[in-house]
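Please keep the structure in view while reading the points below.

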Amino acid sequence: MSETMKAYIEQAERDLLHTYNRYQIVIDRGEGVCLYDTDGKKYLDFVSGIAVFALGYGNKEYNDALKAQIDKVIHTSNYYYNVPAVEAARKLKAVSGMDRVFFTNSGAEAVEGAIKAARKYAYLKDKTTDHEIIAMNHSFHGRTFGALSVTGNPKYREPFEPMIGHVKFADLNDVESVKKQITDKTCAVILETVQGEGGLFPAEEGFLRQVRDICDEKDILLILDEIQCGMGRTGYMYAWQRYGVKPDIMTTAKALGCGVPVGAFLMTEKVAQNSLAAGDHGTTYGGNPLACAAVEKVLDLFEKDHIIENVREVAPYLEQRLDELKDRYDCITERRGAGLMQGLVFSRPVRDIIDRAMEKGLILINAGADIIRLVPPLVITKKNVDEMVSVLDTCIGS
Ligand SMILES: *Cc1c(COP(=O)(O)O)cnc(C)c1O
């Protein structure tokens, strides 16, 4: 590492709040599926900014669309209409099959909005408060209070108690555990269609169907958090589309703007007509013209560049190559996930493996202490998979 890079890192550790144990690299620029650090060293990127940069770095059409919007107008206000927001909402509705869109600045904020919509829906029905939400163990929904309150990891929640009240936890893929938590006060069930941070656990079709049925029967809202698993990552625009189990409210973010901070929560017309009304919710930046120009172009490019088709072609190959690794190493106990959202589960912490990979020019990330998570740009090729596997193979050791 050069003295210059070392100095940046030291300065960062002096000036930035230390809320991350960062890897020792200062990223300078990106190109395709590769990143370069400030020393000019090249890295193959199998993280894509945590499932964000789906299109790869330096996509000319995407960059040009943002530059054009910057020259027109970057921000207005949600008190006026703007063309990128109108177009982005139309396109997002078309790919999601949902009816109404509220743009946010982040994933956590989309979850906040979803929770508010669910509570308001229940409030309008019976004019009481104290409605309950059922969330899943091992879930991750973000770091703000509402999102944290439904995050099934006590370690993240405990120092910040009290959370918002009346949240109960059940187990993903265990419908009985969900039933046990249901009361007359339940207003929503929230879950990730494929759990990301919590360990790459996909929700099973039967579980999703049964939860959907219970929700229909009792007029409970099903909120699917598609922030990480959505936007093509599993080979479907939204992971729930694989089984056709449609949510009442859905959250999306991460790859939605491919790097420009933007998220959204979407709902059916029925929920829209019976929940948040004028004055109930707002945001200064949410869905501003720059963010929405990004969303619009991302959705165009997904179609034009056949991004989902690429995921469907490359993902089985990634699974196969990871399974081969698993078979060769005793310390790898499982491979699980969906599409280009895969986890290699180890019987020991993986930090040293990730450090070694980084030295050898491969960027990986963990999910929990013992899982290597692979969430590459959705434009990767089978050759990139081979490159990744051959480097990772030399980093595992015993
Ligand atoms: C990342 C993530 C969030 C939080 O999104 P932020 O943009 O970091 O606030 C919420 N839910 C899921 C499933 C995520 O992966």
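In this predicted model, an N or O atom in the side chain of K254 lies 2.7 Å from an oxygen atom of the ligand. Of the 380 Å² of accessible area that the ligand has on its own, the protein covers 81%.

**Ligand surroundings**
- The residues around the ligand are S106, G107, A108, F140, H141, G142, E192, D225, I227, Q228 and K254, and by class this shell has three nonpolar, five polar and three charged residues.

**Aromatic pairs**
- Four aromatic pairs are found in a search of the whole structure, among them F53 and Y62, which are edge-to-face with 6.3 Å centre to centre and 75 degrees between the planes.
- Y62 counts as buried because its relative accessibility is 4%, and F53, Y57 and Y62 form one aromatic cluster.
- The pair of F102 and F265 is stacked, because the ring centres are 5.1 Å apart and the planes stand at 25 degrees.
- F102 lies in strand β4 (residues 100-104) and F265 in strand β10 (residues 263-267), so this pair ties together parts that are 163 residues apart in sequence.
- F102 is partly exposed, at a relative accessible area of 22%, whereas F265, at 1% relative accessibility, is buried.

**Charges over rings**
- The charged end of R336 sits over the ring of F201, 3.7 Å from its centre, and R312 lies over the face of Y236, 4.6 Å from the ring centre.

Technical notes: Residues are numbered from 1 along each chain as its sequence is written. This is a predicted model: local features need pLDDT of at least 70, side-chain atom pairs count only at pLDDT 80 or more; totals for chains, interfaces and linings use all residues. Side-chain values use heavy atoms; hydrogens and water are left out. A residue is near a molecule or strand if one of its heavy atoms lies within 4 Å of it. A polar contact is a pair of N or O atoms within 3.5 Å; within protein, one must be able to donate a hydrogen and the other to accept it, and residues adjacent in sequence count only if both atoms are side-chain atoms. Accessible areas come from the Shrake-Rupley method with a 1.4 Å probe; for residues, only the protein chains shown count as cover. Ala, Val, Leu, Ile, Met, Phe, Trp, Tyr, Cys and Pro count as nonpolar, Asp, Glu, Lys and Arg as charged, and the others, Gly among them, as polar. Rings of Phe, Tyr and Trp (its six-membered ring) pair if their centres lie within 6.5 Å; planes under 30 degrees apart count as stacked, over 60 as edge-to-face and the rest as tilted. Buried means under 20% relative accessible area, exposed over 50%, partly exposed in between (1.4 Å probe, protein chains only). Helices (H or I, at least four residues) and strands (E, at least two) are DSSP runs, numbered from the N terminus. A charge sits over a ring if NZ of Lys or CZ of Arg is within 6 Å of the ring centre and within 35 degrees of the ring normal.
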